[in-house]
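Welcome, and please get your viewer ready. We will go from one selection to the next and look at what is there.

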Amino acid sequence: MHIILIPGFWLDGSSWDEVTPALERAGHRTHALTLPGMEAKEADRSGITLRDHVDAVVGVIDALDPAEGTVVLVGLMGAGKTTIGRRLATRLGMRFADADEEIERAAGLSVKDIFAKLGEAEFRSGERRVIARLLAEPPLILATGGGAFMDPETRAEIKRNAISIWLKA
């Protein structure tokens, strides 16, 4: 799995130096980023925006070989999977799908309502089916929900059928 490590806004990529060896020993490919304007304490940040930071992350993903097939973005809620996924899909000329939006469409309910009315177990079951369906389609960029990758069946399906990239911010 490719793991993109995004430091806090006041740190650089070296903040991940203690973490990357263990991840690489486990077989992952790590990409520790230094966001624009964070190269040094005295770096000029006056023209740097959040768009520049998102572009830096998309640039790393963009450098991966899309010919390998579907790219699945995983990570905790708020890591930027949907924002980065939409931009990456546009750059690569690929279709984008957000798993939560697809689940809502299939169920006719919002994620919040599915949890409230049917419970987490039923939500995860539907999530597994939707993600499996999306992975069977032609290559695309897929942003998963924050808890999707915690499900062993979903994780195995993604491993078999896609390139997974963990965004950790």
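Is F123 buried or exposed? F123 counts as buried, at 3% relative accessibility (buried means under 20% relative accessible area, exposed over 50%, partly exposed in between, with a 1.4 Å probe and protein chains only).

A word on what you are looking at: this is a predicted model, in which local features need pLDDT of at least 70 and side-chain atom pairs count only at pLDDT 80 or more, while totals for chains, interfaces and linings use all residues. Residues are numbered from 1 along each chain as its sequence is written, and side-chain values use heavy atoms, with hydrogens and water left out.

**Stop 1: the aromatic pair**

The structure holds one aromatic pair. The ring centres of F115 and F123 are 4.7 Å apart and their planes are at 35°, so the pair is tilted (rings of Phe, Tyr and Trp, the last by its six-membered ring, pair if their centres lie within 6.5 Å; planes under 30 degrees apart count as stacked, over 60 as edge-to-face and the rest as tilted). While F123 is buried, F115 is partly exposed, with a relative accessible area of 32%.

**Stop 2: α5 against α6**

Now show helix α5 (residues 111–118) and helix α6 (residues 120–135). Helices (H or I, at least four residues) and strands (E, at least two) are DSSP runs, numbered from the N terminus. Two packed helices are described by the angle between their axes and the distance between the axes. Here the axes come within 7 Å and cross at roughly 130°, which makes α5 oblique to α6. Axes are lines fitted to C-alpha atoms, for helices over the stretch in contact, and angles run from 0 to 180 degrees between N-to-C directions; those under 35 degrees count as roughly parallel, over 145 as roughly antiparallel, 65 to 115 as roughly perpendicular and the rest as oblique.

To see the contact (heavy atoms within 4.5 Å), select V111, I114, F115 and L118 on α5, then E120, E122, F123 and R124 on α6. These residues divide into five nonpolar, no polar and three charged (Ala, Val, Leu, Ile, Met, Phe, Trp, Tyr, Cys and Pro count as nonpolar, Asp, Glu, Lys and Arg as charged, and the others, Gly among them, as polar).

**Stop 3: α6 against α7**

Stay with α6 and bring in helix α7 (residues 152–161). Their axes are 10 Å apart, at an angle of about 5°, which makes α6 roughly parallel to α7. On the α6 side, pick R128, I131, A132 and L135; on the α7 side, pick E153, T154, E157, I158 and N161. This contact has four nonpolar, two polar and three charged residues.

**Stop 4: S164**

S164 lies in strand β6 (residues 163–168) and counts as buried, at 10% relative accessibility.

**Stop 5: V58 and R91**

Finally, select V58 in helix α2 (residues 50–62) and R91 in helix α3 (residues 81–92). V58 is buried, with a relative accessible area of 1%, whereas R91 is partly exposed at 46%. Leaving aside neighbours within four places in sequence, V58 is in contact with I84, R87, L88 and R91.
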